Amino acid sequence: MTTVRVRLTLIYSGLFLLTSVILLVTVNLLLSQALDRRIAGLPVAPVAPLPGVANDRPPRLPELVDEVISYQWGVTALTVGILALVSVVVGWLVAGRILRPVHRITATAQRLSLSTLHERIALVGPKDELKELADTFDAMLDRLERSVEGQRRFIANASHELRTPLAVQRAAIEIGLPEDVGEIRDKLLLHNRRTESLIDALLVLAQAEHGLEDRVPVALDQVVRLVLAEAGSDDVTLTTRIEPFAVQGDPVLLNRLVTNLVDNAVRYNHPGGTVEMTLSHGVLTVANTGPEVPRERFGDLFEPFRRLHTTREQGAGLGLSIVASIAKAHEAEVRANPHPGGGLEVVVDFAAHRPSYADIQV
């Protein structure tokens, strides 16, 4: 597949060569005809033979004209060859100069993310079609930035406005209800906690999908160890192999990513099962024993509100979707594989974006 620059070069070179060849051929033909007419109109003077010298050769003027015309065609062919090379080089340079604003627009678009929406093309130059395209792109980025900022403010406000009533409701249930309605009290508290967990999960999901505002070096191995120290289950055995690794990102979101992976591996497991967590060369792998996941359901694993199994601790179906969104915000690749004998293996690959292991945060 040829690029636009190659096509423009071929068009410029082709048009230049076509006009040059037509011009040179026309000049040669007109020159040949003019010489023939001038020679035909010249008077022929008899030439007296020199004594003792045979002079039976015809006049040499027509032969001279033929040699001139032949030489002219040779020079024309050489000139066309040189012009072909020059036209390709000049066409390539001209096409590159014309397409330079397009490359700038493309580079800006590739560099943009939700955390770099403040950048603009700011193309300077004559007000032509490319300048109009760049200005239109900048105006679109202005609208997009305002929209993203509005959504971020909404998430922050929703976080406060939704959590506060639930906290007040939980306090009222724990303090205000008498002891003789213990069963009803426990159910209300259970639903209250589930609602809080759902709201927290939705807010984290929204925050991750809107990208990272600030990135700092984070010791991912320390995040994993911290999550494992807080996690625990009497029915499941945790085994780990952790290597030092730093990633550029948000420590809170990375903690949530690891927490969701561990919680998901523990929740969807068999009694007496195992969870294996490995961090090696920037690849975080969490594998568990548990129910077998059909291959046709793998596409649903990272979709919100999709539950593959019913467990004693029914979740909201947001665990792996939050993992996928946080991984995407950190420019990491996430994938799931079937675990031999049942269960699931979730892999998050951070290796492509590794900072230096210094000035790290947990």
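Visitor: Of the 362 residues of the chain, what percentage count as buried?

Guide: Buried means under 20% relative accessible area, exposed means over 50%, and partly exposed lies in between (1.4 Å probe, protein chains only). In this chain, 33% of the 362 residues count as buried. This is a predicted model, in which local features need pLDDT of at least 70, side-chain atom pairs count only at pLDDT 80 or more, and totals for chains, interfaces and linings use all residues. Residues are numbered from 1 along each chain as its sequence is written, and side-chain values use heavy atoms, with hydrogens and water left out.

Visitor: How many helices and strands does the chain have?

Guide: Both are DSSP runs numbered from the N terminus: helices are H or I with at least four residues, strands are E with at least two. The chain has seven helices and seven strands. Their order from the N terminus is α-α-α-α-β-α-β-β-α-β-β-α-β-β.

Visitor: Which residues of helix α5 are buried?

Guide: In α5, residues 220–230, the buried ones are Leu220, Asp221, Val223, Val224, Val227 and Leu228. They lie on the same side of α5 because they cover an arc of only 160° around the axis; the arc is that of the directions from the helix axis to the C-beta atoms. Ala229 and Glu230 are exposed, on the face turned away from the buried side.

Visitor: What do the buried residues of α5 pack against?

Guide: Packing is read from contacts, meaning heavy atoms within 4.5 Å. The partners of α5's buried residues are the strands β1 (216–219), β2 (237–242), β3 (246–249), β4 (274–280) and β5 (283–288), together with helix α6 (251–267). For the chain, among contacts between residues at least 6 apart in sequence, 70% join residues at least 24 apart.

Visitor: How many salt bridges are there?

Guide: Side chains of opposite charge can pair when their charged atoms come close. The rule here asks for a side-chain nitrogen of Lys or Arg within 4 Å of a carboxyl oxygen of Asp or Glu. The count by this rule is five. One of them joins Glu243 to Arg241, with the closest N and O atoms 3.7 Å apart. Glu243 is partly exposed at 27% relative accessible area, and Arg241 is partly exposed at 48%.

Visitor: Which residues are linked in a network of salt bridges?

Guide: Lys127, Lys131 and Asp135 are. Asp135 meets Lys127 at 4.0 Å, N to O, and Lys131 at 2.9 Å between the closest N and O atoms. Lys131 and Asp135 both belong to helix α3 (residues 129–176), where they are four residues apart, about one turn of the helix. As for accessibility, Lys127 is exposed at 72%, Asp135 is partly exposed at 27%, and Lys131 is buried at 16%.

Visitor: Which residues make the nonpolar surface patch?

Guide: A patch takes residues with over 30% relative accessible area and no salt bridge; like charges are joined within 9 Å, and nonpolar side chains (Val, Leu, Ile, Met, Phe, Trp, Tyr) within 5 Å. Areas come from the Shrake-Rupley method with a 1.4 Å probe, and for residues only the protein chains shown count as cover. Here Leu78, Ile82, Val86, Val90, Val94 and Ile98 make a patch of about 490 Å². Among them, Val94 sits in helix α2 (residues 61–111) and is partly exposed, with a relative accessible area of 37%.
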